Amino acid sequence: MTDSFPRGKAAIVSGATFGCGEAPGFANIELAARASQKALAEIGLTFADVDGLFICLPDDLLSGLTFSEYVGIQPKVMDNNRIGGSSFLTHAMWAAYAIASGQCEVALITYGSNQRSAAGKLISVMKTPYYLAPYKAGIASSYALAAARYMHEFGATKESFGEVAIAARQWAQKNPDAFMREPLTMEQYLAARMVSTPLNVRDCCLVTDGAGAVVMMSAERARDTVKRPAFLLGAAGATSHLDIASMPSLTTTAAVDSGARAFAMAGVKPADIDVVQLYDAFTLNTMLFLEDLGFCKKGEGADFVRGGRIAPGGELPVNTNGGGLSFCHPGMYGLFTMIEAFAQIAGTAGERQVKDVNLALTHGNGGTLSSQVTAVFGSEEAL
């Protein structure tokens with residue numbers, strides 16, 4: 001299976017965001033169009049150049065058709081797959097296959113949501129199973145259940161989760177587009193309002209507006225388009241359950257599978273990775289994914305993140321844009337992991353730029369720790 005992946009045959013050549021934070025007056029589709037237009041313009045293209053569209057809007061099950069008509073294109077290839085916040089990493093995977101097989105030349109992956117200005121709360125299309133409804137097991141409560149089990153099983157403390165939140169905030173302070181840039185101390189973290197025990201508000205992702213877009217094309221064309229493309233070296237997905245009550249283990253996710261296959265396709269290992277962009281819907285996610293992807297052993301996540309190890313200046317830069325905890329989280333965050341990975345490989349991340357980035361891991365999460373998708377990107381030197 002790994003031999004069939006078009007390793008390094010397609011690359012991200014542009015990434016852009018729009019309206020991250022608050023963008024009143026914009027519809028979801030408008031936000032996505034603005035981010036897309038921005039990403040295309042950065043490399044001298046327009047919507048007329050797009051012949052592959054990969055999109056997932058929160059309010060439109062036929063968003064591929066709607067968006068195509070909205071921006072006036074008739075793409076040869078379209079993917080409207082939606083498996084939660086990990087959808088966009090599967091879009092990149094299928095875009096790479098489509099580009100490598102000649103099905104399309106310019107693939108646009110985009111998303112937009114106005115959930116903060118329109119609703120003021122996290123909008124989810126997931127339906128609570130009837131047998132969980134009496135317990136009001138919403139998204140936060142589901143993740144809180146997993147967090148409580150993690151603390152019980154491995155001895156993690158609230159301070160362990162605080163290390164993750166503080167590291168994300170420190171990265172966000174280096175990102176002018178981040179929604180939350182105020183300093184966050186451990187004392188402030190511990191005193192934050194409780195949402196669902198043991199998770200407080202600083203353990204939970206933001207509720208923001210925002211949109212993002214990336215443009216992918218063949219390796220050959222990418223080299224002629226930008227100085228440092230981000231080549232897709234490997235990508236794989238895995239799913240273990242839908243609702244939290246059906247999760248085989250509350251402390252191990254399907255990232256064990258998706259990560260292993262993505263690394264095998266890419267021909268690299270965790271120790272080779274320069275920057276890590278994880279879907280941090282909750283602080284727990286960061287520790288679980290670092291373990292499941294092989295950066296540390298199961299149960300060692302709390303020790304791994306201690307002492308600023310994943311913060312600016314630390315041994316392993318994680319979520320260098322501030323992540324869903326401090327940068328933005330417009331309903332689904334997965335696309336933003338790839339936008340940041342591209343920026344780090346391209347060397348355009350400004351104050352938060354990590355030195356000599358040649359390999360970036362991105363990881364998306366969908367549902368309640370349900371769908372896991374891992375993608376490894378690399379520079380020319382990593383091919």
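**View A. Aromatic cluster.** Tyr279, Phe327, Tyr333 and Phe336 make up one aromatic cluster. Rings of Phe, Tyr and Trp (its six-membered ring) pair if their centres lie within 6.5 Å. This is a predicted model: local features need pLDDT of at least 70, side-chain atom pairs count only at pLDDT 80 or more, and totals for chains, interfaces and linings use all residues. Residues are numbered from 1 along each chain as its sequence is written, and side-chain values use heavy atoms, with hydrogens and water left out.

**View B. Phe47 and Phe67.** The structure holds eleven aromatic pairs. In one of them, the ring centres of Phe47 and Phe67 are 6.2 Å apart and the planes stand at 75 degrees, so the pair is edge-to-face (planes over 60 degrees apart; under 30 is stacked, the rest tilted). Phe47 sits in the loop between helix 1 (28–41) and strand 2 (52–55), and Phe67 in helix 2 (residues 63–71), so the pair ties together parts 20 residues apart in sequence. Helices (H or I, at least four residues) and strands (E, at least two) are DSSP runs, numbered from the N terminus. Phe47 is buried at 13% relative accessibility. Phe67 is buried at 0%. Buried means under 20% relative accessible area, exposed over 50%, partly exposed in between (1.4 Å probe, protein chains only).

**View C. Tyr143 and Phe282.** This aromatic pair is stacked: 4.4 Å centre to centre, with 25 degrees between the planes. Tyr143 belongs to helix 5 (residues 139–154) and Phe282 to the loop between strand 9 (275–278) and helix 10 (283–292), so the pair links parts 139 residues apart in sequence. Tyr143 is buried, with a relative accessible area of 2%. Phe282 also counts as buried, at 4%.
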